[in-house]
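Please view the sequence and structure below before reading on.

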Amino acid sequence: MKRFILLFCFLNTTIMAQQKPFVANYDESKVGAFTLPDPLVMGSKKITTKAEWEKNRGYWLDLFASHMYGKLPKKKLKQVNTLISKKEILGGKAIQSIWKMDFEGKVQATVVVILPTAVKKAPVFLGLNFCGNQTISTDESIPMFDKYVVCNNAPDFVNYVSQPSSRGVWATRWQIEKVIDAGFGTITAACGDFEEDHANGYKNGVRTRLASALGLKPEEWTAMGAWAWGLSRIMDLAQNIQQIDPNKVIVHGHSRLGKAAMWAGANDQRFAAIISNESGEGGAALSRRIYGETIWRITNSFPHWFLPKYATYSDRENELPFDQHILLSLLSPRPVYVASAFGDQWSDPKGEFLSTREMEKVYALYGKKGLGNIEMPGLNQPVGQLIRYHIREGKHDINEYDWEQYIKFGKEELN
Ligand code: GTR
């Protein structure tokens with residue numbers, strides 16, 4: 001009988017959890033009050049110098065790893081990078097190379113590297129793409145991605161598989177020519193080469209195929225971790241390409257891939273700057289602000305992105321030992337750009353702005369400035385310098401306006 005009651009209670013709460021309406025709050029008056037944890041207070045320790053911060057920043061990394069994104073493998077693998085093809089593009093303004101990265105013969109990833117011919121050692125923007133390298137440009141020599149993609153809009157994608165017409169469909173999200181003309185390069189790979197973006201994606205990705213080689217069980221990390229790991233492996237490749245300035249690699253990502261870029265930037269300090277484009281919940285937005293997407297919603301929709309433990313903080317966000325401003329603080333003292341879009345309230349622009357504003361405590365230890373005590377700026381009015389923020393008009397996307405700001409940011413902050 002007791003067992004029955006327990007089973008009933010369990011089923012009931014499970015059903016209740018799933019029945020919770022998928023309605024988001026967009027009313028500021030219902031956000032509620034919250035207090036943010038202080039990045040400089042680590043348990044009983046109070047950090048007052050940059051040296052102390054650097055010695056102890058692992059305290060926060062460990063908390064993010066144990067509560068949210070999972071561990072990252074510590075072991076280094078044998079990574080074989082092979083150049084598949086190389087050619088001039090954009091009328092000779094750039095050289096495009098395709099690389100294959102192989103990990104122990106078990107996982108392969110295809111990387112597109114586009115560098116300006118006019119620059120000897122180019123700064124680069126490095127980021128993952130959602131639905132295959134072929135979506136970034138119409139160039140026929142870019143291999144068609146043949147694994148599962150999250151795109152499913154016919155005729156370019158059918159049953160989550162890329163079709164020939166998907167070439168260049170997301171060229172606007174990459175602005176390759178603009179980036180080249182500014183003297184920067186572009187490096188990208190599909191996130192699905194590391195882990196396909198669905199609940200069972202881990203079975204076919206690095207978390208399973210490289211589990212023994214990396215010494216981590218699949219459940220010890222997450223899709224976000226697998227993508228962040230992939231970004232660092234692309235960084236390994238970038239470090240070995242002569243024409244790339246190894247000290248000027250900017251990691252960036254849009255939305256879910258912005259979350260992964262932030263996690264990669266926090267763990268891998270070789271990334272010289274970090275850009276979060278509308279990364280929202282689980283990215284730059286504060287989890288304690290109940291506005292737009294919430295922990296409950298994101299962990300129900302995308303259980304594979306985070307550890308199951310993160311889901312337990314739904315409706316008790318205030319008990320999380322950290323909030324996302326601390327993830328941003330872990331990017332210190334490097335340049336960081338956080339961007340929102342007005343038409344993307346789901347990502348909680350205000351929550352993204354507030355966490356960006358909260359970063360400066362740690363930057364101050366380095367004598368560096370943050371956004372200062374400012375109010376949220378108006379549309380299309382970037383604010384800040386080393387730490388920047390903008391909210392632009394328009395929808396959830398990464399567009400020409402965003403890229404114009406990122407190029408300016410790269411030029412000003414990486415020189
Ligand atoms: C949404 C998700 C967001 C964001 C977005 C995206 O469905 O709720 O957290 O990551 O997808 O990646 O475009």
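Buried means under 20% relative accessible area, exposed over 50%, and partly exposed in between, with a 1.4 Å probe and protein chains only. The model is predicted: local features need pLDDT of at least 70 and side-chain atom pairs count only at pLDDT 80 or more, while totals for chains, interfaces and linings use all residues. Residues are numbered from 1 along each chain as its sequence is written, and side-chain values use heavy atoms, with hydrogens and water left out.

**Cysteines**

- The structure holds one disulfide (a pair of cysteine sulfur atoms within 2.5 Å).
- This disulfide joins C131 to C151, with an S to S distance of 2.0 Å.
- Both C131 and C151 lie in the loop between β6 (122-129) and β7 (157-158), 20 residues apart; strands are DSSP runs of E, at least two residues, and helices runs of H or I, at least four, numbered from the N terminus.
- C131 and C151 are each buried.
- The torsion about their S-S bond is about 95°, so the disulfide is right-handed.
- C191 has its sulfur 7.2 Å from the closest cysteine sulfur, in C131, which is too far for a bond.
- C191 counts as buried because its relative accessibility is 4%.

**Nonpolar cores**

- A nonpolar core is a set of buried Ala, Val, Leu, Ile, Met, Phe, Trp, Tyr and Cys residues joined through side-chain atoms within 4.5 Å.
- The largest such core has 94 residues, and W53, F194, W227 and W229 have the most contacts inside it.
- Helix α7 (residues 223-239) gives the most to this core, with eleven residues.
- Apart from this core lies another, of 16 residues, among them I250, A272, A339 and I407.
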